[in-house]
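Here is a short briefing on one structure. Please look over the sequence and the fold before reading the points below.

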Amino acid sequence: MGDEKRKTPEELLKIIEREQRGYLKIFIGAAPGVGKTYMMLCEGNELLEKGIDIVIGLVETHGRVETAAQIGSLPVFPLKSVQYKGREFQEMDVDGLLTRRPQYVIVDELAHTNVPDSKNRKRYEDVMELVKAGIHVITAMNIQHLESLNDTVEQLTGVKVRERVPDWILNEATEVQLIDTPPEKLRARLKAGLIYKPEKIEQSLKNFFRTGNLNALREIALREVADDVDERLESYKQENGIDGMKGANEKILVCVNYRPNAERLIRRGWRIASRLKCQLYILNIPLYFVQEMDDATRKQMRLLENLAKDLNAEFHIRASAGRKPEQVIIDFVNEKGITQIVLGQSARSRWEEIAKGSIVNRIMKGTKYVDILIVADGVDYRE
């Protein structure tokens, strides 16, 4: 047998499901205007010349002449009209494409949020529906739209990215291709009016398209794609029995409440879990029973649950039932075999820590071989 590894029934099922699915290719860029849509359309035309049945499900040229010219002979599938609040919007016709069943569909702007009352909430959900139906999809997105990078991008650029894509979408992709354009060239394209309309150029150069921002985003994009390559290589080795599993799996626990830093903590935990390729758990210990919470707290709880779901993390709510919060954490750590804990910076003053004791110290005393990461808030609580 040598190093050959026998596949489990679950692994065989995943292989069968993958073979029945469509091919998903994602073009990723560090910023708008690097050429993702242009390259998608170039590849689409190459497939069309080979006799492949390919259509454009949706493309956004943003008025860029060069990009629009690349549509060429590619057939454009009609969009679907959606009525919302007395206005008419155009969205990709997912059901129409499923009925038409082309071999390939080009779908731009993967992070787009669909108009309310559309079939799916997000365009990436539209794409996955096509892929699961056996249709190949070529799509594109910018690196700043990845959910786990939301806080990092905001800190670097000062821009809050509203439309986001869960990171697991990269794992679903058959191929991820980076479209890399040096910052100097990208700024030159912007100045030449090849990215935005004239009235937006100066503002963009002073804000999002600052050289420092573009360099940082480029580095993030390069690192993310490199990590994706490493992960695919590791998956290939495991699936083909080239190398066995090494050591015990890490398990990351993020403890959150309803303070402003909760989402930031969850994303930080996800980044750690992603690098270590391990399971992420989110634990919330509410001060009150759910039925006693006010509407704002319930809304925040739902937001945290949805974020955990998007990041493929397990979300747990554990009532204290008379126990101290640190004991609830200790019990959860022992139950799940947690190896690393992520906590937010304590809101208590240093004197309170001295008088009442540190929750971190008590957790360390109640656990063994568990690392604890304290994340600085970076938030002003004097509201």
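Is D180 buried or partly exposed? At 37% relative accessibility, D180 is partly exposed, because that value falls between the cut-offs of 20% and 50%. The model is predicted.

**Salt bridges across the chain**

- The structure contains 18 salt bridges.
- D180 and R218 form one of them through their side chains, at 2.7 Å from N to O. D180 sits in the loop between β7 and α8, and R218 sits in helix α10 (residues 211-239), so the bridge ties together parts 38 residues apart in sequence.
- R218 is partly exposed, at 24% relative accessible area.
- R21 and E172 also meet through their side chains, with 2.6 Å from N to O.
- Is R21 buried or exposed? R21 is buried, because its relative accessible area of 19% is under the 20% limit.
- E172 has 27% relative accessibility and counts as partly exposed.
- K25 bridges to E175, and their closest N and O atoms are 3.5 Å apart. This pair again links distant parts of the chain, from strand β1 for K25 to strand β7 (residues 175-179) for E175, 150 residues apart.
- K25 is buried, with a relative accessible area of 5%.
- Which residues are linked in a network of salt bridges? The network holds E147, D151, R164, E263 and R267.

**The second largest pocket**

- This pocket has a volume of about 1100 Å³.
- How many residues line the second largest pocket? The lining has 42 residues. Nearest the pocket centre are P32, H62, R64, I195 and Y196.
- Several elements each supply at least two lining residues: helices α2 (36-49), α3 (65-69), α8 (183-191) and α9 (198-206), together with strand β6 (136-142).
- By class, the lining of this pocket is made up of 15 nonpolar, 14 polar and 13 charged residues.

**Loop residue L194**

- L194 is in the loop between α8 and α9. Both of these helices supply at least two residues to the lining of the second largest pocket.
- L194 is partly exposed, at 32% relative accessibility.
- Which residues does L194 contact, leaving aside its neighbours within four places in sequence? They are R64 and R189. R64 is also one of the residues that lie nearest the centre of the second largest pocket.
- L194 and G33 are 161 residues apart in sequence, yet their C-alpha atoms are 7.8 Å apart in space.

- How do strands β3 (residues 80-84) and β4 (residues 87-91) run, and how many bridges join them? They run antiparallel, and five bridges join them.
- Q83 stands opposite E88 in β4.
- Two residues lie between the strands of this hairpin. K85 is in the turn and has a positive phi of about 50°.

Methods:
Residues numbered from 1 in each chain as written. Predicted model: local features only at pLDDT ≥ 70, side-chain atom pairs only at ≥ 80, totals over all residues. Heavy atoms only, no water. 1 Å grid on protein atoms, 1.4 Å probe; cavity = no way out; pocket = protein on both sides within 12 Å on 5 of 7 lines; lining within 4 Å. Points joined across faces, edges and corners; volume = space filled by probe spheres on them. Helix = DSSP H or I, 4+ residues; strand = E, 2+ residues; numbered from the N terminus. Nonpolar A, V, L, I, M, F, W, Y, C, P; charged D, E, K, R; others polar. Salt bridge = Lys/Arg side-chain N within 4 Å of Asp/Glu carboxyl O. Buried < 20%, exposed > 50% of the residue type's maximum accessible area, 1.4 Å probe, protein only. Contact = heavy atoms within 4.5 Å. Pairing = 2+ DSSP bridges.
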